[in-house]
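This report looks at aromatic rings and their partners. Keep the sequence and the model at hand while reading.

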Amino acid sequence: MARGPRGAGFPPGRLLPLLPLLSLALGVPRAPGADALDVCATCHEHATCLQRGGKKMCICKYGFVGNGRTQCIDKNECQFGTTVVCGNHTSCHNTLGGFYCICLEGYRATNNNKAFIPNDGTFCTEINCGHPPEVQHAVLVGNHSSRLGGMAHYVCQEGFESPGGKITSVCTEKGIWRTSTLSCTEIIIEINDVSVFNNTCVRWQINPGRINSKIVYVIYIKGQRLDSMETVHEETVNLTTDNRTPKVCLDLYQGTNYTMHISIASPRRSVPAIIGFQTAGDDLLEDDRIFNISVLNEACLKLNRHSKKVGSERMYQFKVLGQRWYLNNFYHATSFNFTTREQTAVVCLDLYPATEYTVNVTLLGSPEQHSVQITMTTAPAVKQTISNISIFNETCLRWRSMKTADIEEMYLFHVWGQRWYQKEFAQEMVFNITASSQAPEMCLDLRPGTNYSVSIQALSSELPVVISLTTQITEPPLPEVDFFTVHGGPLPRLRLRKAKEKNGPISSYQVLVLPLALQSTFVCDSEEATSFFSNASGADGYVTAELLAKDVPDDAMEISIGDRLYYGKYYNAPLKIGNDYCIILRITSEWNKVRRSSCAVWAQVKDSSLTLLQMVGVGLGSLAVVIVLAFLSFSAV
């Protein structure tokens with residue numbers, strides 16, 4: 001809460017005469033001789049004189065604020081005389097530190113704070129959230145207020161609903177609308193209770209929902225003769241109606257097996273219905289051997305029998321064949337007999353997920369066996385079929401499959417690879433494998449030094465499994481150097497080229513100076529090399545320069561061996577004259593607590609001499625000595 005400065009609302013010059021009175025009101029010790037002053041006589045007209053702690057004090061009456069002697073102000077009006085301190089739509093408050101203003105409910109200060117100091121230019125404005133936000137697939141209804149606490153109401157458009165309840169937005173004290181977490185979702189129309197009547201007519205029902213307009217149904221029929229598998233009748237019929245129990249009579253062939261698909265035309269969505277039935281021939285219209293089949297709950301069939309003989313027993317033979325479009329060798333075949341006296345019976349089948357089935361039902365026990373064939377597709381399994389996934393050999397995966405033993409399954413792999421140190425790097429692979437094992441294994445072709453996310457999905461299941469893995473770095477690329485052999489002459493400058501981060505992030509570049517005799521026994525990953533100033537540098541070699549990867553330019557840079565400069569923490573010392581050396585460039589990669597290095601010999605130096613820079617320095621030094629001696633000789637003459 002903001003607090004105003006002491007004496008807020010009074011000019012500075014008016015405070016000095018009031019200081020003695022203020023000290024009395026606050027109980028500050030008075031100067032000698034001041035006891036004669038009657039404190040109660042100095043109280044403000046809206047104050048009461050009270051004695052506290054042996055001292056008299058002036059206290060403002062209820063509803064007023066101030067020091068009790070010179071100030072007792074109506075705290076609701078916040079006025080000093082005729083001067084308004086806080087302004088409209090405010091309430092005034094007083095503390096020992098002074099006055100401050102607070103905006104009334106429904107208003108907010110122009111400084112975006114709840115409180116402000118009087119007379120600082122701040123004022124209160126009414127909170128207004130403006131026009132309510134739009135909600136997808138919904139319309140704004142009724143009158144709404146844009147003031148604080150105002151509520152806007154929405155109604156979903158036709159064909160959409162809000163399962164969670166009413167959708168509202170509320171105007172908040174920040175001047176913005178708080179949007180609802182609810183949304184309008186499309187109503188998926190379900191087609192249920194499909195049945196055949198009068199041999200060629202079909203009726204069905206749709207689920208209740210807020211749909212008032214007419215619906216366009218798409219009815220696809222496919223007919224086959226009883227004695228042939230060839231299609232003799234294929235047609236698509238559209239039906240437009242607002243009836244919730246639609247029916248349609250079709251011009252169908254007699255003595256034909258039909259499969260009918262009923263769905264709703266785009267853009268609306270629906271759960272289609274499938275029904276299979278057989279139309280009667282001229283001599284079978286009154287026979288009880290006529291029946292039809294419809295699909296219930298994906299894996300169940302509803303058998304409707306047109307029999308006039310109540311209680312007559314009939315036996316039906318079911319032949320089921322399932323295949324998966326993505327597996328050439330997958331077949332699920334089963335057959336069984338089913339006996340019932342009911343005119344309407346339900347038979348549920350044990351089917352595999354994500355499989356296309358053809359079901360043929362034949363009525364047995366009659367001279368002419370009548371059959372009905374229907375096709376159906378099962379959805380992918382909701383339950384996860386992959387479990388106990390693990391990583392081995394860094395790039396290989398092993399998991400447990402919950403499928404039936406010896407049944408083939410196809411697995412879809414989606415692999416993403418990224419490197420934090422190489423923003424432009426991205427690797428993506430999508431492929432599938434087929435396996436019949438219940439403990440499949442798969443090794444992936446992954447790049448080193450990379451973070452991977454691997455998604456595995458069995459196509460018979462709708463849920464993938466995602467696992468993360470990280471590959472370790474390997475040796476960086478060999479340094480690109482031009483090899484030199486130097487016999488007693490000066491060394492050229494080392495040209496250092498930046499290496500590509502193919503196998504991991506590059507950490508540093510080092511230049512090592514070794515005795516030539518140690519070249520054949522040098523181990524690149526060795527960390528024993530020390531600086532030039534160590535005791536063992538002469539016998540074991542030393543690091544003469546180190547550059548971090550970020551300090552090496554993209555093109556190249558040059559270094560003079562022995563230039564007496566520090567590269568990193570290492571001193572680039574001149575080579576000792578007359579010795580044999582091997583100079584090696586080492587690239588080091590470090591990541592995830594793993595260190596890898598690669599090395600290349602840049603130069604072999606035999607009977608070392610001064611470098612070009614050193615020779616120039618010696619020459620200039622000699623010339624300086626000659627000049628000094630000549631000057632001394634001239635001075636002596």
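## Aromatic contacts

The charged end of Arg203 lies over the ring of Phe197, 3.8 Å from the ring centre. This is a predicted model. A second contact of this kind involves Arg324, whose charged end sits over the ring of Phe330, 4.3 Å from its centre.

Now to ring against ring. Searching the whole structure gives 16 aromatic pairs. Among them is Trp204 with Tyr217: the planes stand at 70°, over the 60-degree cut-off, so the pair counts as edge-to-face. The centres of these two rings are 5.3 Å apart. Trp204 belongs to strand 19 (residues 201-206) and Tyr217 to strand 20 (residues 215-225). The two residues are 13 residues apart, and their pair links distant parts of the chain. Both Trp204 and Tyr217 are buried.

Phe330, the ring under Arg324, also pairs with Tyr352. Here the planes meet at 55°, so the pair is tilted. Each partner lies in a loop. Phe330 is between strand 28 (314-323) and strand 29 (332-340). Tyr352 is between strand 30 (344-348) and strand 31 (356-364). This pair, too, links distant parts of the chain, with its residues 22 residues apart. Phe330 and Tyr352 are buried.

The two pairs side by side:

| Pair | Centre distance | Plane angle | Arrangement |
|---|---|---|---|
| Trp204 and Tyr217 | 5.3 Å | 70° | edge-to-face |
| Phe330 and Tyr352 | 5.9 Å | 55° | tilted |

Which residues do ring pairs link into a cluster? They are Phe532, Phe533, Tyr542, Tyr566 and Tyr571.

Notes:
Residues are numbered from 1 along each chain as its sequence is written. This is a predicted model: local features need pLDDT of at least 70, side-chain atom pairs count only at pLDDT 80 or more; totals for chains, interfaces and linings use all residues. Side-chain values use heavy atoms; hydrogens and water are left out. Rings of Phe, Tyr and Trp (its six-membered ring) pair if their centres lie within 6.5 Å; planes under 30 degrees apart count as stacked, over 60 as edge-to-face and the rest as tilted. Helices (H or I, at least four residues) and strands (E, at least two) are DSSP runs, numbered from the N terminus. Buried means under 20% relative accessible area, exposed over 50%, partly exposed in between (1.4 Å probe, protein chains only). A charge sits over a ring if NZ of Lys or CZ of Arg is within 6 Å of the ring centre and within 35 degrees of the ring normal.
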